[in-house]
Amino acid sequence: MFIYVCNINTMKHLLFFSLLLLTTPIFSQIKVEDVGDGWKNKIELALDLIKRTDSNYYNHVIDNCEHIGFWAGKYSTNEGTSIYMTKYDFEMNSIQNLACIIVHESKHIEFSKNKIILSEKEEECICYKYEKEFLFKVEIPERRLLENVFYRIESFCN
């Protein structure tokens with residue numbers, strides 16, 4: 001009788017922890033700064049787009065990025081395991097653009113974490129090609145994003 005009760009309690013605990021995990025936010029691995037104006041929500045939508053588009057890209061982001069923040073610079077960038085978005089990127093009002101930036105910058109972080117040394121031009125070429133492959137998997141990619149990635153590949157890869 002005691003063993004049966006113990007098993008019931010164990011099953012209750014397993015059920016409780018399973019439900020707890022299901023209700024945990026799916027982006028808990030990446031800390032996203034909440035600076036207002038719905039920016040955090042837009043980043044979470046971009047992460048969701050990456051996850052829905054291709055789990056390999058999403059896993060790559062999760063493996064390399066620990067934090068997404070914001071800064072007043074001209075271009076989005078990365079430092080350590082953080083990605084920093086600019087106000088300009090949010091003013092484009094494009095979740096696809098934010099997703100592309102996250103994918104692109106996560107590739108830079110991968111190089112840095114693995115101490116892979118490339119010239120700036122070589123690294124940008126690889127990151128833009130990686131971004132392009134992601135963008136090709138998006139259901140209906142925005143034309144301006146496609147044009148930009150092709151322009152950047154032509155600039156950095158030739």
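How do the residues of the lining of the largest pocket divide into nonpolar, polar and charged? They divide into 8 nonpolar, 7 polar and 8 charged, where Ala, Val, Leu, Ile, Met, Phe, Trp, Tyr, Cys and Pro count as nonpolar, Asp, Glu, Lys and Arg as charged, and the others, Gly among them, as polar. The model is predicted, so that local features need pLDDT of at least 70 and side-chain atom pairs pLDDT 80 or more, whereas totals for chains, interfaces and linings use all residues. Residues are numbered from 1 along each chain as its sequence is written, and side-chain values use heavy atoms, with hydrogens and water left out.

The largest share of the lining, 6 residues, comes from helix H5.

Helix H5 also holds Glu 110, which counts as buried because its relative accessibility is 18%, buried meaning under 20% relative accessible area with a 1.4 Å probe and protein chains only. Leaving aside neighbours within four places in sequence, Glu 110 is in contact (heavy atoms within 4.5 Å) with His 60 and Asn 64. Both His 60 and Asn 64 are among the buried residues of helix H3.

Technical notes
Buried < 20%, exposed > 50% of the residue type's maximum accessible area, 1.4 Å probe, protein only. Helix = DSSP H or I, 4+ residues; strand = E, 2+ residues; numbered from the N terminus.
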